[in-house]
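Let us walk through a protein model together, one step at a time. Please keep the sequence and the 3D view side by side as you read.

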Amino acid sequence: MVGRVPEPLFEELEAREAAARVRVEGLEAELAELSGRLGAAREVLERLRIARETFAEVLAEMAPENSRVPVGPGEVSTAGVADAYAGAERQVIGVLTVPNWQPGMGTHH
């Protein structure tokens, strides 16, 4: 038969358990916050990937046949792509610049 556990030891174990529970709850809260931030960062990454691919497709459609159009870190050939604007004169009329995003900036739709 096992003897009775001394009260101070039992209280110490309860205190350690409570501290461990607080630590776990804190880590779970951090995990939830980081998961939210990761999800938002993944959405931005996906939007940028889609924008780059769409830009490359538009450039490829507008480029004369057998030309090369830069689309990213390297270049992608657009040889064989039908030119919907064949014979049309193209001019660059202006450039739109957008400031880099910084914390505190909102989005406008």
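Predicted model: local features only at pLDDT ≥ 70, side-chain atom pairs only at ≥ 80, totals over all residues.

**A walk along the chain**

At 35% relative accessibility, Glu46 counts as partly exposed; the label covers residues between buried, under 20% relative accessible area, and exposed, over 50%, with a 1.4 Å probe and protein chains only. Residues are numbered from 1 along each chain as its sequence is written, and side-chain values use heavy atoms, with hydrogens and water left out.

Now for the overall plan. The protein chain contains one helix and two strands, and reading along the sequence gives the pattern α-β-β. Here helices (H or I, at least four residues) and strands (E, at least two) are DSSP runs, numbered from the N terminus.

How much of the chain is buried? Of its 109 residues, 7% count as buried. The accessible surface of the protein chain is about 9,900 Å², and carbon and sulfur atoms contribute 61% of that; such areas come from the Shrake-Rupley method with a 1.4 Å probe, and for residues only the protein chains shown count as cover.

Let us look at the start of the chain. Val5 sits in the segment before helix 1 (7-62). With 44% relative accessibility, Val5 is partly exposed. Together with Leu9, Phe10 and Leu13, Val5 forms a nonpolar patch on the surface, with about 360 Å² of accessible area in total. Patches are built from residues with over 30% relative accessible area and no salt bridge, joining like charges within 9 Å and nonpolar side chains (Val, Leu, Ile, Met, Phe, Trp, Tyr) within 5 Å.

Next come the charged residues. Side chains of opposite charge can pair when their charged atoms come close. A salt bridge is a side-chain nitrogen of Lys or Arg within 4 Å of a carboxyl oxygen of Asp or Glu, and the structure holds five of them. One of these links Glu12 and Arg16, at 2.8 Å from N to O. Both residues lie in helix 1, four residues apart, which is about one turn of the helix. Glu12 is partly exposed, at 38%, whereas Arg16 is exposed, at 57% relative accessibility.

Back to Glu46, as promised. Which residue is its salt-bridge partner? The partner is Arg49, and the closest N and O atoms are 2.4 Å apart. Shared partners join Glu46, Arg49 and Glu53 into one network. Both Arg49, at 31%, and Glu53, at 33%, are partly exposed.

Finally, how confident is the predictor? pLDDT is its confidence in each residue, from 0 to 100. The average for the protein chain is 77, and 58% of the residues score at least 70. Among the elements, helix 1 has the highest mean pLDDT (94) and strand 2 (residues 75-77) the lowest (50). Over residues 77-82, pLDDT stays under 50.

Methods: pLDDT = per-residue confidence, 0-100. Contact = heavy atoms within 4.5 Å.
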